[in-house]
Amino acid sequence: MPAVDNTIFSRRRAERFAQLLDEANGARRHHVRSRVDGQLAPLVAVGQRLSVDPPAVEVDQDFRTGLRAMLLATAEREGLGSTPAVASEPTATTARGRLLPAVTARRARARGAILVGIAAGAIAVSGISAASENAVPGDALYGMKRSTERAQLALASSDISRGQLFLDFARTRLGEAAKLRGDRIGYSAVLDDMDADTRQGVRLLTSAAVQRAESGSLDTLNTFVSSQRRAVRGLLDGSTRVDRDRTHRSLLLLDSIRERSDELRAAITCGLPAPTASDALGPAPSACPGDR
């Protein structure tokens, strides 16, 4: 879709967009033409396609929730659904039979067009996101894949949710690494990203375990380490010496995480105060009195 400038949804342009949508759906054509018609035409075409041929894309529930919140916020800010303050102008009838001043009706339709544009763009982005799921570093859609991950993190409701997402991303990086074996630079880089995602997730989950003085987050970590370690070891089969050396570094990280998880579990069990020291894996506990 051609680029559209950032002022596309100014009032005048939005009203023109609403006119073009009406015309495209069979309404009477206006003889007046605008200099922005060429820029709006692609959005009108998207609106038409969505109405007759919705994209067959399964949209993630988190994306649906975020999109709904965005649309509701836009509707509230633009005054959609509010009672018009002016009643002396010529009126137009809505689909529900309620009378609106003609100017208000046009503006409401224009604001509705804004929401259609936002929704159309969001749905298009969701389709691209779905198509990017199998992308690896170097592919055209890989940037979109990582941007989608950042959006998921922004929508996460707690540190525990964000920690679990980072571990999911680490699993994703592992899948990418399996496709890049033999590409020494690409393989090493994606394992670096995998380890970075792992550390981020571990730090969030260990901190949550200490703050709550409960081991549920540590159970999540142990499950991740067990499955991830088996999968990482699978990368060693048939790999080059350089790739094996890099893979062993990721295995050592997973071993360190399991050790940290066990130390924190013991500290919580024996009632030690929350550790003040921390490192790349989060809180670093002291040993319980009986273990010294």
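Predicted model: local features only at pLDDT ≥ 70, side-chain atom pairs only at ≥ 80, totals over all residues.
View 1. Helix H8 (216-234) and helix H9 (residues 241-269) pack at an angle of about 160°, and their axes lie 10 Å apart. Because angles over 145 degrees count as roughly antiparallel, H8 is described as roughly antiparallel to H9. The contact draws on residues of H8 including Leu218, Leu221, Phe224, Val225 and Val232, together with residues of H9 including Leu251, Leu254, Ile257, Leu264 and Ile268.

View 2. H6 has 21 residues and reaches 31 Å from its first C-alpha to its last, which is close to the 30 Å expected at 1.5 Å a residue. The buried residues of H6 include Ile160, Gly163, Leu165, Leu167, Ala170 and Leu174, and Arg173 and Glu176 are also among them.

**View 3. The aromatic pair formed by Phe166 and Phe169.** A search of the whole structure finds 1 aromatic pair, and this is the edge-to-face arrangement of Phe166 and Phe169, with 6.2 Å centre to centre and 80° between the planes. Both residues lie in helix H6 (residues 159-179), 3 residues apart, or about one turn of the helix. Phe166 counts as buried because its relative accessibility is 12%, under the 20% cut-off, and Phe169, at 5% relative accessibility, likewise counts as buried.

Key:
Residues numbered from 1 in each chain as written. Heavy atoms only, no water. Phe/Tyr/Trp six-rings, centres within 6.5 Å; stacked < 30°, edge-to-face > 60°. Helix = DSSP H or I, 4+ residues; strand = E, 2+ residues; numbered from the N terminus. Buried < 20%, exposed > 50% of the residue type's maximum accessible area, 1.4 Å probe, protein only. Expected span 1.5 Å × (residues − 1). Contact = heavy atoms within 4.5 Å. Axes fitted to C-alpha atoms, helices over the stretch in contact; angles between N-to-C directions. Parallel < 35°, antiparallel > 145°, perpendicular 65-115°, else oblique.
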